[in-house]
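Biologist: I would like to learn how to read a model of this kind feature by feature. Could we take each general idea before its case?

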There are 2 protein chains.
Amino acid sequence: MIDVVLADDHPVVRAGLRAVVDTQPDMRVVHETSTAEDLLAWLDGGGRADVILLDLRFGDARMGGAAATGAVVRRHRTPVLVVTTYGTDADILAAIEAGATGYLLKDAPTEELARAVRSAAAGEVALGADVQRRLLSRLRTPAENLSGRELEVLRLVAAGRSNDAIARELFVSVATVKSHLAHINTKLGTQSRTEAAAVARDRGML
Amino acid sequence: MIDVVLADDHPVVRAGLRAVVDTQPDMRVVHETSTAEDLLAWLDGGGRADVILLDLRFGDARMGGAAATGAVVRRHRTPVLVVTTYGTDADILAAIEAGATGYLLKDAPTEELARAVRSAAAGEVALGADVQRRLLSRLRTPAENLSGRELEVLRLVAAGRSNDAIARELFVSVATVKSHLAHINTKLGTQSRTEAAAVARDRGML
DNA sequence: CCGCCGATCAACCTTTCGGACGATGCGCGG
DNA sequence: CCGCGCATCGTCCGAAAGGTTGATCGGCGG
């Protein structure tokens, strides 16, 4: 029997995951949490599970799920299966780098979810079919000339922030932001922040 | 007894919605569909329901849920409650204009969802708390007072053009473009061209 | 008819951006 | 070990953008 913990701040999604898990004869939900703090507290308090189903947007949105994933993996040995509705390539990579055992989208078929849970419980890597496809297509086209930091800056630029605001948001100097932006414009072949934002939107880099 | 139809292409979300509905004593799920075509076919084939829970991203992503909502509302009288994970102001407005009875985000509490279903079944409007907040904040900042020319400029700004390029494109002087842009920033409450572009995108003004 | 608004332009000034340097430290792979 | 990419910061300068004020002109409605 595989003991599963659900960690998702959406009640509806939690109920959905529970429904899927409960209909599998070989697994059961042993705990539900809606915040990252609760999850860690439960685990620290002696909670035991074979797999944790974690929402990428779990808890604080800015941490992504990566921080929560990392915390769980570092402090406990429980495999973390990230389940999310959407997510960029960068999100997926971040989660995997943080130690997630698997990653799949919520629109994955029920059986795929169940299979992933079993794989994760067995310590195997379990990536959803579409996640695999995306990672592969990414390797084929290194469209991501942009470094992680540059992409971060680009996102804020596209959100309309000024260099100064971005600098404060990222805890760096304006000079650094300008430096990143210069590299972004070079790599994208753009002439200005606004044009870079437009191109980024078109290419789905956000 | 309120008969509910679930229309969502995410198996997990469907299961979650079903779990919520089934735990309410006064409602039940009578049908589930994963495509807009199936939903319409079921309704056309004599299917009866009191409320349809429809995912905004239901079916073809480009149609949004608005097209599906419109089709259902026009051909049948069933109240449609749009339930989605995310969505811009424009998405919400489009759904409501298409005839949706209500709109709420998937992270709404279980009771809020149940309440919304009862309201929708009774023919009342049911907007999620956060949806209401967003619509109100939008009304506070009058968006659509942009003149035709200003909107034209805004579009080019969002496309990443410089003032000079816009001026040449519209056969006016740079001063005029700057003048329009100044008015745009005033009306949108923005501080820069890039921020104006971001806001315009969010509000679906492009 | 006169006022208001939209569109057009101008001059002036301040702030912000962007380009062109250079410089440091860090980690990773040949 | 050394190079290279990444991230960090700095300076200088010119260009672009934004704010302010003010102006002309054409319609549209009271």
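Modeller: Helices (H or I, at least four residues) and strands (E, at least two) are DSSP runs, numbered from the N terminus. This is a predicted model, in which local features need pLDDT of at least 70 and side-chain atom pairs count only at pLDDT 80 or more, while totals for chains, interfaces and linings use all residues. Residues are numbered from 1 along each chain as its sequence is written, chains are lettered from A and ligands numbered from 1 in the order in which they are written, and side-chain values use heavy atoms, with hydrogens and water left out.

Biologist: Where is Thr78(A) found, and does it count as buried or exposed?

Modeller: Thr78(A) sits in the loop that joins helix H3 (66–75) to strand E4 (80–84) of chain A. Buried means under 20% relative accessible area, exposed over 50%, and partly exposed in between (1.4 Å probe, protein chains only); Thr78(A) counts as buried because its relative accessibility is 10%. If contact is taken as heavy atoms within 4.5 Å, Thr78(A) touches residues including Leu43(A), Asp50(A) and Val72(A), leaving aside those up to four places away in sequence.

Biologist: What does UniProt list for Asp55(A)?

Modeller: UniProt positions are given here in the numbering of this model, with shortened feature names, and annotations may be inferred rather than shown by experiment. The unreviewed UniProt entry lists Asp55(A) under "modified residue: 4-aspartylphosphate". Asp55(A) belongs to strand E3 (residues 51–55) of chain A, and it counts as buried because its relative accessibility is 3%.

Biologist: How many residues surround DNA strand C?

Modeller: A residue is near a strand if one of its heavy atoms lies within 4 Å of it. DNA strand C is surrounded by 15 residues, with Lys178(A), Arg193(A), Ser147(B), Ser173(B) and His180(B) the closest. A polar contact is a pair of N or O atoms within 3.5 Å; within protein, one must be able to donate a hydrogen and the other to accept it, and residues adjacent in sequence count only if both atoms are side-chain atoms. A phosphate oxygen of DNA strand C lies 2.7 Å from a side-chain N or O atom of His180(B), and a phosphate oxygen is 2.6 Å from a polar backbone atom of Ser173(B).

Biologist: Which element gives the largest share of the surface near DNA strand C?

Modeller: That share, 4 residues, comes from H9(B).
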